[in-house]
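This report describes the sheet and the cores of the chain shown below.

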Amino acid sequence: NYLKIKNYIVDEIIQDDLKLYYQIYLKKFLNVNIRASQSNWNNFYKFVKHNNTSKNFIFNEQISVLMEKEEHVFVKNGFLKENNVRIHPSFKKIKWFNTNIIDEESLIDKSTVKYKFIINKKIIEDGLFVRNWKSGDKCFSKYYNSYIKLSNVFINNKITNFEKAQYPVVVNLDDEIISVPNLYNKTHYSLIRESDKKSIYWVSS
């Protein structure tokens with residue numbers, strides 16, 4: 001669904017050869033026969049050279065390109081779609097891009113665990129959701145005693161744009177951020193009564 005290529009490649013290969021390079025690799029790894037006008041190719045080269053990590057490039061109806069500091073990522077359109085899935089009290093497994101979110105009973109291999117959520121059962125019963133990051137997301141910082149932008153939390157922790165687009169953000173019924181794996185928890189698990197805790201796992205596939 002995606003292909004990562006180092007940015008320095010645009011400075012080491014002439015444009016005509018570079019076009020062929022992209023076409024071969026996109027066919028090999030994404031099974032996409034990429035076609036675009038010469039003007040679109042020229043705009044793409046400028047996009048990569050400018051290295052603006054705050055923007056994406058829509059190559060054509062099949063492919064978009066995300067810019068990172070050291071690489072650009074070709075992504076099949078539709079792969080990084082918006083997701084907003086409810087976690088029901090009796091849920092077992094949710095597919096999340098190339099990973100899964102599962103309950104404790106479904107955990108077979110602990111080595112696959114990327115993060116363990118510990119959530120108050122009452123919040124799950126009222127309405128717990130996992131969704132993508134969206135522009136304007138904020139979470140409350142006890143350290144600053146104010147709301148801070150989640151995008152800044154990602155930047156400070158060196159989370160790339162590609163990773164950010166797939167990162168699970170756990171929210172309650174009011175869309176208030178409850179947890180972001182390894183980055184933020186509104187309530188520390190030690191403050192939740194043992195009988196009220198439910199463990200949920202983010203695991204690799």
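## Sheet, helices and cores

Helix 3 (residues 38-50) lies across strand 2, strand 3 and strand 4, and runs at about 170 degrees to strand 2. Helices (H or I, at least four residues) and strands (E, at least two) are DSSP runs numbered from the N terminus. Angles run from 0 to 180 degrees between N-to-C directions, with axes as lines fitted to C-alpha atoms, for helices over the stretch in contact; contact means heavy atoms within 4.5 Å.

The model is predicted: local features need pLDDT of at least 70, side-chain atom pairs count only at pLDDT 80 or more, and totals for chains, interfaces and linings use all residues. Residues are numbered from 1 along each chain as its sequence is written, and side-chain values use heavy atoms, without hydrogens and water.

Four strands form an open antiparallel sheet in the order 1-4-3-2, where pairing requires at least two DSSP bridges between two strands. Strand 1 (2-6) and strand 2 (56-58) are the edge strands. Strand 1 is joined to strand 4 by five bridges, and Ile5 stands opposite His72 in strand 4. Helix 2 (residues 15-30) lies across strand 1, strand 3 (63-67) and strand 4, at about 145 degrees to strand 1.

A nonpolar core is a set of buried Ala, Val, Leu, Ile, Met, Phe, Trp, Tyr and Cys residues joined through side-chain atoms within 4.5 Å; buried means under 20% relative accessible area, exposed over 50%, partly exposed in between (1.4 Å probe, protein chains only).

| Core | Residues | Members include |
|---|---|---|
| Largest | 33 residues | Ile101, Leu128, Leu150 |
| Second, separate | 21 residues | Leu3, Leu18, Met67, Phe74 |
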